[in-house]
Amino acid sequence: MVEAPEAGPKAASTLMVQPERWAEDQRGDVRARIHAAEAAAAAAERPARSAARIDLARVLLANGFSAEASGVLNYATREDPTLASQAPVRLLSAIAALRMGQDARAAGFLNPDGKQALDPEMRLWRGYLDARARRSGQALAAFKAALPVLEAYPDDLQLPLYLAGAEAALEVKDPAFAQRALTAATPLAEAPLPRDRLAFLKARFAEAIGQEAEARRAYQQISETGVPPVAAEATLRLVDAGRAAGTMTPEAAIDRLERLTLIWHGDTEAEALARLGRLYAGAGRWRDAFATARKANRLYPDHPATRGLHDDTVALFSALFLSDKGASLGRIEALALFYDFKEFTPVGRQGDEIVRRLADRLVALDLLDAAGDLLQHQVDNRLTGAARASVAARLATVRLMEGEPLKALKVIQNTRLPELPAPIRDARLLLEARALSDLSRTDLALELLDGNASAEAAHLRGDILWGARRWREAGEAHETLLGTRWRDPGPLSDAERNDVMRAAISYALAEDTLSLDRLRTKYTPKMADSPDARTFGLVAAPNAAATAAFRSLVRQATSAETLTEFLRAYRARYPESAAPERPRPGPDGTPGTGPEARGAGGPAPG
């Protein structure tokens with residue numbers, strides 16, 4: 001049932017677009033009629049000049065010369081500013097602008113103040129403008145309210161208005177008004193474009209009332225034989241209907257939409273790109289999905305379909321890098337997607353987490369410079385507070401792996417805060433001490449660790465003293481790390497055997513015979529059953545320092561860097577404030593392999 005209009009019928013003689021005068025202007029020799037109106041406007045005296053110019057604009061508009069009519073009306077209002085507020089001039093100007101596709105300009109004419117805003121004829125054209133802008137609810141209300149005006153209009157004006165009303169009704173699921181509008185438009189649609197448009201809307205009506213098979217047949221026919229703009233819309237609806245009914249595979253839908261976007265541009269292309277992007281995503285064609293969304297953003301940034309696709313693409317980007325959805329992506333492919341389409345990085349915490357994970361992938365590929373740049377951008381531009389301090393610690397680990405302790409020190413110092421959660425504060429302290437040690441600022445590094453009784457600090461203190469060649473203190477530090485393991489049951493672990501060896505080498509180099517004897521007495525039984533038995537026996541033997549074998553062994557031991565073990569222990573204790581381990585060396589020594597920091601750990605003792 002169609003709702004009754006809000007106001008009673010408006011007499012045709014009172015309309016601003018008078019049907020009889022409009023039809024008369026289209027009869028006979030149109031060129032002669034236009035010339036006569038031009039001559040009348042040119043010859044008119046000043047009091048009658050404005051009316052003559054409006055008559056000329058009406059004649060031009062009735063015969064399809066919209067641009068010329070608009071020019072006449074603009075000139076008339078410039079010469080007589082009072083015309084700008086008159087409803088007939090505003091309405092004729094709006095119709096001319098709408099016919100030229102200048103919807104924004106038409107809106108300025110159709111939004112007057114006072115009584116003009118309530119005029120049903122003005123409201124009818126505002127409804128038409130709303131329909132073109134896809135404000136279907138407002139459009140349908142306006143068409144219903146102004147239906148008597150529409151029914152009194154000339155045929156060539158009725159047709160686009162009825163078609164727009166039918167489309168608005170279909171959008172808001174009002175099939176009764178849609179049927180009424182389509183029935184009224186049927187005898188008026190003679191030219192190919194409106195005829196095909198009418199057939200397309202009838203197919204949509206059939207779909208709306210449950211006749212899906214009939215609608216799909218009509219869409220198929222229109223897509224093959226209709227005029228291009230309507231055929232493009234029919235192709236879109238055919239894809240939607242086929243996918244909804246399960247009669248069209250995703251591959252077939254992609255093929256149709258790809259061809260459509262190649263041969264047609266405009267609003268329909270924006271809709272096609274939105275559907276195509278989602279189909280690519282559903283098929284796991286991530287690069288195609290992102291490229292399609294980028295194209296839509298570039299060509300139709302303000303279209304509702306583009307905005308929806310952009311939101312979906314941002315969610316897809318997030319899911320690929322933060323969930324199992326992207327588990328099949330290789331490291332290089334994931335990085336390539338990020339760098340090629342980083343405009344889809346979500347804002348806020350999700351975006352920051354994506355960047356951190358990508359930095360980890362870069363480290364795993366031994367691309368430390370790129371990882372450092374990503375994290376540096378986060379620290380400098382995106383983060384604040386404890387989150388910034390934690391990411392700065394992660395960045396410092398990358399700088400240490402690069403062999404850039406000064407950069408590591410600066411990033412820690414530049415992000416210092418008076419109050420931080422204990423885990424972040426302790427992690428940063430260890431990194432700062434390690435950077436100071438690698439810069440040969442041993443006393444400052446040790447001072448920083450004073451009072452820190454953690455196992456990580458104790459190991460780092462031993463590394464610092466070892467790297468500084470302070471042999472007696474280094475031996476004591478490594479022996480202290482062992483505690484009472486010499487009398488505890490069970491074999492020594494690899495790390496414990498390493499501490500025993502370092503303590504022994506340190507005492508030997510310091511020529512501290514008493515300490516070396518004590519260490520030998522404690523650990524000979526446990527070391528005797530280990531893979532390092534022969535080496536320990538050589539290092540811990542009396543007067544071993546004078547032998548060539550000892551000197552060769554010491555050169556190997558003291559040239560080994562200590563950063564790898566430090567970072568491994570650091571990662572285990574503070575995983576949120578650490579970058580992952582860089583790749584281990586390959587057999588051919590190719591770039592991107594090698595220890596975590598070449599030459600790190602202080603100078604090798606002579």
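Leaving aside its neighbours within four places in sequence, which residues is His-303 in contact with? Here are some friendly notes, starting from that point.

1. His-303 is in contact with Arg-134, Asp-267, Ala-270 and Glu-271, once neighbours within four places in sequence are left aside; contact means heavy atoms within 4.5 Å. This is a predicted model, in which local features need pLDDT of at least 70, side-chain atom pairs count only at pLDDT 80 or more, and totals for chains, interfaces and linings use all residues. Residues are numbered from 1 along each chain as its sequence is written, and side-chain values use heavy atoms, with hydrogens and water left out.

2. His-303 sits in the loop between α17 (286-299) and α18 (304-322). Helices here are DSSP runs (H or I, at least four residues), numbered from the N terminus. With a relative accessible area of 9%, His-303 is buried (under 20% relative accessible area, with a 1.4 Å probe and protein chains only).

3. In the model, the chain over residues 270-303 is 79% helix and 0% strand, and its end C-alpha atoms are 7 Å apart.

4. Next, the packing of α18. Its axis and that of helix α20 (residues 349-364) come within 10 Å and cross at roughly 40°, the axes being lines fitted to C-alpha atoms over the stretch in contact, with angles from 0 to 180 degrees between N-to-C directions. That makes α18 oblique to α20 (angles under 35 degrees count as roughly parallel, over 145 as roughly antiparallel, 65 to 115 as roughly perpendicular and the rest as oblique).

5. On the α18 side, the contact is made by Phe-317, Ser-318, Phe-321 and Leu-322, and on the α20 side by Gln-350, Glu-353, Ile-354, Arg-357 and Leu-358. By class, this contact has five nonpolar, two polar and two charged residues (Ala, Val, Leu, Ile, Met, Phe, Trp, Tyr, Cys and Pro count as nonpolar, Asp, Glu, Lys and Arg as charged, and the others, Gly among them, as polar).

6. Leu-260 lies in helix α15 (residues 250-263) and counts as buried at 4% relative accessibility. Leaving aside neighbours within four places in sequence, Leu-260 is in contact with Ala-232, Thr-235, Leu-236, Thr-268 and Ala-272.

7. Arg-204, in helix α12 (residues 192-208), counts as buried because its relative accessibility is 8%. Not counting residues up to four places away in sequence, Arg-204 touches Glu-167, Leu-170, Glu-171, Tyr-219 and Arg-237.

How values were computed. Helix = DSSP H or I, 4+ residues; strand = E, 2+ residues; numbered from the N terminus. Buried < 20%, exposed > 50% of the residue type's maximum accessible area, 1.4 Å probe, protein only.
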